Amino acid sequence: MQAETVTDTLVETDDGHSLWSDAWQRLRHNRAAMCGLAFLGSIIALCFVVPFFPFLPDPAIQDLPNKNSMPTAAHWMGTDHLGRDLFSRILHGGRISILIGLITTMVSLTIGVTVGAIAGYVGGRLDALLMRVVDILYSLPFLIIVILFSALAKGYTQDFTVWVTEITGWKHDTIAPFTGLIPLFVAIGALSWLNISRIVRASVQDISQREYVEAARSLGLPHRRILLRHIIPNSIGPIVVYATLTIPGVMLFEATLSFLGLGVQPPYSSWGILIKDGADRMLSNPSLLIFPSIFFILTLLSLNFLGDGLRDALDPKSAKD
Amino acid sequence: MLPFSVPTAAHQEKGTFHPENTAKNTTNPLAGCNRALVYRALIFSRTIPVLALVCLLLPGCRRETLVGRANREGILLVGNSAEPRALDLQIVTGVPENKILSALFEGLCGDHPSDDEKMVPGMATHWEHNEDMTEWTFHLRPEAKWSDGAPLTAEDFIFSYHRMLHPELAAAYAPMLHSIRNAEAYNRDERGHILCGLDENFPTQWETLRKANFQGDPSIDAEDLANRKFASLDQGERRRLLAVKGLDRLDAGQLRAIRDTPALFDWPDEIPQASRTLVIARLLEHAEAGAPDLFEKARLGLDAPDPHTLVVSLREPVPYLPSKSRHSTWFPVPRHVILKHGKMTDRFTKWATVGNLVGNGPFQLHAWRYNHYIEVRRNPHYWNAPNVGLNGIRFYPIENPYTETRSFLAGQLHTTYSLPPDLLEKTRREYPQYLRTEPYVGTVFVRLNTTRPGLDDPRVRRALALAINREELCKYIYEGFTPAETFTPQLGDYRPPAVLRYNLEEAKALLAEAGYPNGEGLPSFALLTSRLNAGVDAIQATFRKLGIRLTVEQKDWGSYIAAQQQLEFDIAMAGWIGDYLDPTTFLDLWTRNNGNNNTGWDSPEFEALLRKAARQPNPQARLDILAQAEGKFMEAMPVLPVAWYSRLYLHRPEVHGWHPLVLDNHPWENVSLKPDSVR
């Protein structure tokens with residue numbers, strides 16, 4: 001009987017020690033990160049769920065006589081210079097901003113981590129080749145490439161939108177703001193992985209000299225397993241931090257592109273556009289600047305807190321104490 | 001250790017700093033190792049309040065603003081909305097360019113500083129006209145010079161008008177000069193008209209001869225022939241191609257084919273065989289000579305009996321010619337400089353750049369920092385140089401009117417290009433001393449490309465016009481503007497029919513009648529604009545009410561103009577500001593081939609009415625015919641007028657000699673800065 005109890009406890013302790021469950025335990029004790037996570041979760045829920053409720057006014061409907069109104073029961077954050085409901089515009093714009101931030105960061109992470117890890121792990125000629133490719137891409141003017149790409153893809157996007165409407169039977173208005181962004185996702189994602197690949201490469205080069213990697217190698221583990229099991233999880237800290245910095249950067253970059261007519265087109269909006277418009281009109285109606293900015297800032301802050309917390313949780317050695 | 005240093009710091013904060021205090025600290029054995037910390041605490045405790053004080057005081061003892069400095073230097077800082085496309089006055093068409101060009105050049109007559117109707121002497125000291133106002137004699141200043149000191153003579157004017165009208169220059173604004181005798185034929189390269197019609201000895205009169213197909217017949221479909229060699233076509237295809245092109249546009253090979261096989265071309269019966277052969281022979285001779293410039297043969301109504309006299313003969317009476325001659329299209333351009341930098345007809349050569357541009361206006365080009373500013377400085381060779389009030393003008397291309405307004409309020413501009421209408425109320429309340437609201441002869445409209453499927457149906461265009469709620473737009477978006485009742489704004493005694501109104505139901509019915517119920521079946525259109533503003537959103541929302549979706553295409557000023565001139569757009573936000581005080585400045589736009597028409601629309605009936613009006617001597621009867629023409633134009637509705645402009649802008653009180661003008665052409669030479677008069 002006694003012996004059995006001992007084994008039971010042993011098994012239990014063994015079970016609870018995967019990398020991710022450990023990280024989760026540590027993350028749970030980081031109050032700032034948990035607040036950030038909760039806020040992010042709620043803002044995403046708000047942006048993606050609430051617009052489907054009928055009580056929220058259509059963000060494109062103009063009510064000119066009621067323009068620039070103060071917050072009321074009907075318009076929780078007032079109306080803009082064309083009498084459109086600001087709250088509804090912020091939520092609809094948030095969907096686009098968050099999607100752009102997340103998807104492009106995913107794309108850039110996938111490419112960047114793959115390239116960086118291979119270059120750092122394999123080394124030698126392949127490393128030199130990959131890093132020269134990165135150098136060349138660095139020397140290209142980012143903005144111009146994105147503009148070129150989006151302009152080229154524009155015609156195809158419209159066809160694609162029509163095709164999706166025909167296939168799914170959804171309304172054009174529901175899809176158009178998103179399909180119009182696909183070239184943007186691809187273009188930004190495909191060009192913003194350069195930094196992350198360098199960071200990952202450096203970190204992989206460092207880690208692959210460590211004893212546990214030596215040990216794994218001497219045990220005869222295949223390269224893929226060493227990379228995925230040992231090296232990448234151990235370099236997750238800088239990756240996560242960089243990702244949390246990329247998301248807000250991309251959200252701002254989208255505003256620039258939209259201004260150039262390549263991102264989101266009116267009447268659809270994003271936080272970047274709302275803030276740009278609000279900045280123009282801050283003399284006549286400051287709430288057009290303040291409300292979208294609050295959403296934007298809080299999202300970025302919580303992303304940063306979450307990123308810090310994730311780094312600490314995933315890589316306890318780098319924690320501040 | 002830590003508690004020790006903190007009270008010291010706190011103590012020092014209150015008292016003055018004495019070196020012996022720290023010396024005393026050093027005597028404390030415990031503080032020895034912590035001296036650096038103490039010092040740091042001391043420094044911080046003293047610098048923070050000082051820094052805070054400096055930060056508080058900084059805005060108080062302000063640095064001199066740009067305007068303050070410009071006042072001292074006598075330089076006017078002008079918000080000018082957009083980076084000019086170029087400074088070649090015969091190519092550009094926009095208001096931002098015109099503002100700069102009117103400082104660099106001067107026409108025959110000058111602008112009066114406070115009255116649009118009055119003319120003051122410019123390059124011409126005085127002028128007279130014959131009885132029916134078809135021949136005007138301008139007496140030029142003998143002392144007139146270019147800004148490089150070269151004398152300016154009547155020949156320079158003739159060269160300028162020659163270049164402006166040269167078909168190869170393809171100046172969009174050339175129709176402004178079409179009232180000169182034979183200018184239109186020359187500008188449109190009507191070879192048959194010039195070579196045969198203007199010849200008094202030609203056996204058949206032009207009135208008869210013109211019935212032949214000189215211009216080409218665009219209604220014939222010949223797209224299949226576009227890329228094929230003439231030699232490879234059979235008889236029928238050749239006939240079709242020749243008819244599409246018209247006699248004026250045929251090359252030597254095609255003319256030779258007609259000479260050899262007369263049956264290839266259809267002639268009206270009243271033209272005798274001899275004349276037909278002669279027409280072909282002359283055109284062929286011209287084509288074989290390499291199509292030389294027809295300026296001499298066209299015998300334009302321009303004559304310089306002596307270097308200081310310019311005689312302009314017109315095809316019809318133009319009582320407002322002096323007013324028209326104040327526009328930039330009538331300005332002279334320097335022959336000696338243009339020919340130095342290329343052929344006469346080359347576009348965008350280096351002649352109109354810093355260091356090369358030579359003008360005859362009160363100012364000369366000093367600096368052009370792309371997307372930053374253009375600066376002009378006094379022209380010492382200007383005839384009235386001693387009376388020019390400013391040392392220079394700086395034009396800032398600030399596209400965003402909100403940014404421009406903020407720049408103005410921060411003391412960086414003397415006068416702005418426009419005030420965003422939604423700031424009108426606030427400005428009226430808080431900065432009444434700066435606000436200017438003045439009448440302005442101009443129209444905000446939406447330009448349609450009538451060659452696009454869907455928009456080629458007048459019913460669709462009328463439906464769009466009916467769907468625009470002008471009263472609402474002028475009340476809430478174009479604040480201070482007047483809802484447009486027709487295209488031409490109120491001008492003197494001109495009373496055009498008020499045709500535009502808002503009726504959404506009728507618009508929907510009309511659209512359904514055209515075969516597009518709720519916009520179904522219409523292709524998707526892009527709305528071209530140079531600036532994303534509330535007007536764009538409003539037009540988008542208006543079209544949406546009809547079920548028509550617009551994507552927005554934003555281009556910078558130069559590309560925006562170019563896209564319209566090449567008809568590479570569907571729908572465009574547009575505006576037109578009158579160039580002189582006559583309705584024709586709005587109506588002439590819509591004639592065929594006018595470089596500012598850009599709708600693809602034209603109507604012979606409309607043009608016949610304009611010609612009829614031009615020949616009508618009675619002023620009121622003339623205006624009535626123009627009103628009829630406007631009615632025809634509004635029936636076809638190739639543009640959707642939205643609002644009539646008001647000029648809203650901010651203006652500093654130290655700028656003198658600046659009076660409200662409906663054409664907004666303030667003569668720069670009369671403007672001066674008197675900062676002392678304000679304080």
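Predicted model: local features only at pLDDT ≥ 70, side-chain atom pairs only at ≥ 80, totals over all residues.
Residues are numbered from 1 along each chain as its sequence is written, and chains are lettered from A in the order in which they are written.

Strand pairing. I looked up strand 11 (residues 435–448) of chain B and found that 10 bridges join it to strand 16 (residues 639–650) of chain B, the two running antiparallel. Within this pair, I found B:Tyr649 of strand 16 opposite B:Arg436.

The sheet. I then traced an open sheet of 6 strands in chain B, ordered 12-16-11-15-13-14, with mixed pairing. Its edges are strand 12 (482–483) and strand 14 (550–554) of chain B, each of which pairs on one side only.

Chain B overall. I recorded 25 helices and 18 strands in chain B, whose C-alpha trace spans about 125 × 65 × 55 Å along its principal axes. Of the 679 residues in chain B, 44% are buried (20 or more other C-beta atoms, placed from the backbone, within 10 Å of the residue's own).

Contact between chains. I checked where chain A touches chain B and found 15 residues from chain A and 19 residues from chain B taking part, contact meaning that C-beta atoms, placed from the backbone, lie within 7 Å.

How values were computed:
Contact = placed C-beta atoms within 7 Å. Helix = DSSP H or I, 4+ residues; strand = E, 2+ residues; numbered from the N terminus. Buried ≥ 20, exposed ≤ 12 C-beta atoms within 10 Å, placed from the backbone. Pairing = 2+ DSSP bridges.
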